[in-house]
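Okay, thanks everyone. Let me put the structure up, and then I'll walk you through a few spots in it.

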Protein chains: 2
Amino acid sequence: MPTIVVDVMPKAELLDPQGKAVAGALARMGVESFSGVRIGKRFELTVDGDVSDAVLDQVREIAADVLSNSVIEDVVGVEVVE
Amino acid sequence: MPTIVVDVMPKAELLDPQGKAVAGALARMGVESFSGVRIGKRFELTVDGDVSDAVLDQVREIAADVLSNSVIEDVVGVEVVE
């Protein structure tokens, strides 16, 4: 059955304490290649049947209204994955 | 600066209570198109400089050792996003 992946990230202008914690841990491990880490959520929705345009529109709506908090998060991706 | 996205999902055979809660909420909203929802994490690592093969290998190692718990999670994607 097809799967639709929805990616949600904290708004860029917001502090991301979890991301900072991971970045700090990497630095302490001597990993210097990265200047920042941000952590968001990845949703996999298994679709019953085919992925029509109507289903995709529905997912975009759900992503904005249910899967993310528009005050602090952005939906950064809605993608069909066979 | 280039960004590398690491996607981590709970192992397929594990119960995903958060995913079940979202699926239940969608059903109660009358949304019937989906047979399941699973929720994982999306990491965005901002790279200082270019993304060499060495940096990519390092990210795969970090993804397995630091960004995921191999007992309950799988790294399902490591992708360079310009």
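Let's begin with one pair: the side chains of B:Glu44 and B:Arg42 are joined by a polar contact of 2.9 Å. Keep in mind that this is a predicted model.

So where is B:Glu44? Look in strand 2 of chain B, residues 34-47. With a relative accessible area of 14%, B:Glu44 is buried. If we skip its neighbours within four places in sequence, B:Glu44 touches A:Met9, A:Gly36, A:Val37 and A:Arg38 from chain A, plus B:Thr3, B:Ile4 and B:Val5 from chain B.

Now B:Arg42. This one is buried too, at 10% relative accessibility. It makes a salt bridge with A:Asp7, with 3.3 Å between the closest N and O atoms. That pair crosses between chains, going from strand 2 of chain B over to strand 1 of chain A, residues 3-10. And A:Asp7 is buried as well, at 8% relative accessible area. Put together, A:Asp7, A:Arg38, B:Arg42 and B:Glu44 form a linked network of salt bridges. Over all chains, the whole structure has 12 salt bridges.

Another of those is within chain A: A:Asp74 and A:Lys11 meet at 2.7 Å, N to O. A:Asp74 sits in strand 3 and A:Lys11 in the loop between strand 1 and helix 1, so this bridge ties together parts 63 residues apart in sequence. A:Lys11 counts as buried at 17%, while A:Asp74 is partly exposed at 31%. Over in chain B, B:Lys11 and B:Asp74 form a salt bridge, also with 2.7 Å between the closest N and O atoms.

How do the two chains relate? Rotate by 180° with 0.0 Å of shift along the axis, and chain A lands on chain B with an RMSD of 0.0 Å. That's the relation of a two-fold axis. In chain A, the C-alpha nearest that axis belongs to A:Lys41, at 2.3 Å. And 100% of chain A's interface residues are interface residues in chain B too, so the copies meet through the same surface.

Last stop, helix 1 of chain A. Which residues are buried there? A:Gly19, A:Val22 and A:Leu26. After the helix comes A:Gly30, with a positive phi near 90°.

That's my tour, thanks.

How values were computed
Residues numbered from 1 in each chain as written. Chains lettered and ligands numbered in written order. Predicted model: local features only at pLDDT ≥ 70, side-chain atom pairs only at ≥ 80, totals over all residues. Heavy atoms only, no water. Least-squares fit on C-alpha atoms with pLDDT ≥ 70 in both. Contact = heavy atoms within 4.5 Å. Helix = DSSP H or I, 4+ residues; strand = E, 2+ residues; numbered from the N terminus. Buried < 20%, exposed > 50% of the residue type's maximum accessible area, 1.4 Å probe, protein only. Polar contact = N/O pair within 3.5 Å; in protein donor to acceptor, adjacent residues only side chain to side chain. Salt bridge = Lys/Arg side-chain N within 4 Å of Asp/Glu carboxyl O.
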